[in-house]
Amino acid sequence: MNGKKDRSLQATNQLYGNCSVVHPDGSLMFRCSEERINWYLDRNLAKVISDDGKTIQLSFMPKGRGHDLDPFYLSKKDNHCVVCGEKEDLTRHHVVPRCYRRYFPDRIKNRNSHDVLLVCIPCHEEYEREASRLKRELAIKYNVPINGGGRNSDQPSKDYGRAKRAAAALVRNGDAIPLERQAVLKGRISKYLKKEASWTDIKRLADLPSKRRNVAAKVYGGGNGSFSHGRAVVEKIEDFNEFIIMWRQHFVDAMQPQFLNPHWDVNRKVVTSWESRKGGVIKALVITLIARFDGWNPFQKLKRLFWGSQKSADTNTNQDI
Ligand SMILES: [Zn+2]
């Protein structure tokens with residue numbers, strides 16, 4: 001077990017503070033922790049409006065309306081294991097494992113508290129075994145091996161040096177190497193890459209620096225840093241909604257949770273089609289245009305449209321998850 005895993009399994013019995021933040025017009029905006037409402041009160045941004053001190057009303061006009069009209073976020077949530085109802089030794093369970101989630105675009109990560117569930121440690125451990133099975137299936141589906149075995153990163157194997165030297169020899173001496181020897185060298189590379197090495201793979205491996213940390217990522221087209229199964233899979237995801245729904249359904253099928261919030265929804269969408277991967281590219285293009293033509297009135301309007309929608313997330317942070 002590494003440090004991160006230990007920390008994630010720290011028991012907590014109070015995930016949901018169930019405090020309420022109300023808009024100046026009186027409508028409930030979102031639920032949050034006691035710490036969060038104190039943040040507003042300390043800055044004179046709100047006043048307490050309930051006898052138990054757990055409901056505050058904002059004294060300023062916020063840009064967004066929080067989770068107005070969203071029954072899941074507005075409902076009070078029980079501090080118990082969603083699987084078995086246990087109230088002690090609870091831990092936050094992320095429906096999508098961290099090894100994938102950490103590579104999600106921020107716009108998805110930041111608003112996906114719907115997929116942080118409270119489970120007791122025994123249920124968590126039980127599901128982790130099930131999740132490992134699904135990860136192995138994904139490794140096959142996306143043709144991305146799980147290296148290392150750590151849950152947060154997958155370090156390249158120790159065979160890198162041998163594979164790198166083999167690739168360099170094949171590129172440098174090519175046909176001068178006897179066929180049998182070529183096959184041995186290619187075998188070393190395939191073993192390291194955990195797939196049949198193509199000539200392109202061999203050339204790319206030969207060109208890589210001697211430091212092995214960067215290697216597999218580059219061979220797999222993963223960019224900087226060490227090779228990560230999670231990152232390589234996320235880069236191949238076409239539809240984030242589909243990927244997240246798959247994990248939710250897997251959790252439900254494997255654990256048969258009996259105590260889920262009635263508003264928790266397997267099919268809830270976390271991104272609109274506009275914000276999907278392709279949508280993100282279009283949005284990036286539009287933003288680039290805005291930056292280029294900044295100052296021209298119609299673009300100022302567009303800019304407000306985009307940045308306005310992002311800024312409205314200011315009331316979305318630090319809420320009950
Ligand atoms: Zn449980």
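## Histidine 114

Leaving aside residues up to four places away in sequence, histidine 114 touches Phe72, Tyr73, Arg248, Trp264, Asp265 and Arg268. The model in which these contacts occur is a predicted one. Histidine 114 sits in the loop between α5 (106-109) and β6 (116-120). Its relative accessibility is 1%, so histidine 114 counts as buried, the cut-off for that class being under 20%.

## The chain as a whole

The chain has 14 helices and 6 strands. Of its 321 residues, 43% are buried. Among contacts with a separation of 6 or more, 67% are between residues 24 or more positions apart.

## Zinc site

Four cysteines coordinate the zinc ion through their SG atoms, at 2.3 Å: Cys81, Cys84, Cys120 and Cys123. The angles subtended by the 4 donor atoms run from 98 to 116°, and the arrangement is therefore tetrahedral, since four donors qualify when all angles lie between 85 and 135 degrees.

The spacing of the donor residues in sequence is C-x2-C-x35-C-x2-C. Cysteine 81 belongs to the loop between α3 (71-74) and β5 (90-94), while cysteine 123 belongs to helix α6 (residues 121-141), so this pair ties together parts that are 42 residues apart in sequence. Both cysteine 81 and cysteine 123 are buried.

## Packing of α9 against α7

Helix α7 (residues 160-173) and helix α9 have axes that come within 8 Å and cross at roughly 110°.

On the α7 side the contact is made by Tyr160, Ala163, Lys164, Ala167, Ala168, Leu170 and Val171. On the α9 side it is made by Trp199, Ile202, Lys203, Leu205, Ala206 and Asp207. By class, the residues of the contact of α7 with α9 are 10 nonpolar and 3 charged, with no polar ones.

## Packing of α9 against α8

Helix α8 (residues 179-193) also packs with helix α9 (residues 199-207), at an angle of about 85° and with the axes 11 Å apart. The angle makes α8 roughly perpendicular to α9.

From α8, the residues in contact are Lys186, Ile189, Tyr192 and Leu193. From α9, they are Asp201, Ile202 and Leu205. This contact of α8 with α9 comprises 5 nonpolar and 2 charged residues and no polar ones. Ile202 and Leu205 of α9 take part in the contact with α8 and in the contact with α7.

## Loop residues

Proline 62 lies in the loop between β4 (55-58) and α3. With a relative accessibility of 8%, proline 62 counts as buried. The C-alpha atoms of proline 62 and histidine 23 are 7.8 Å apart in space, although the two residues are 39 residues apart in sequence.

Two residues other than glycine have a positive phi: asparagine 44, with a value near 55°, and glutamine 256, with a value near 45°. Asparagine 44 is placed in the loop between α2 (34-42) and β3 (46-48), and at 66% relative accessibility it counts as exposed, the cut-off being over 50%. Glutamine 256 is placed in the loop between α12 (240-255) and α13 (277-292).

Technical notes:
Residues numbered from 1 in each chain as written. Predicted model: local features only at pLDDT ≥ 70, side-chain atom pairs only at ≥ 80, totals over all residues. Heavy atoms only, no water. Donors = N, O, S within 2.8 Å, 3.2 Å for Na, K, Ca; no water. Tetrahedral: all angles 85-135°; square planar, octahedral: opposite > 155°, others 65-115°. Helix = DSSP H or I, 4+ residues; strand = E, 2+ residues; numbered from the N terminus. Buried < 20%, exposed > 50% of the residue type's maximum accessible area, 1.4 Å probe, protein only. Axes fitted to C-alpha atoms, helices over the stretch in contact; angles between N-to-C directions. Parallel < 35°, antiparallel > 145°, perpendicular 65-115°, else oblique. Contact = heavy atoms within 4.5 Å. Nonpolar A, V, L, I, M, F, W, Y, C, P; charged D, E, K, R; others polar.
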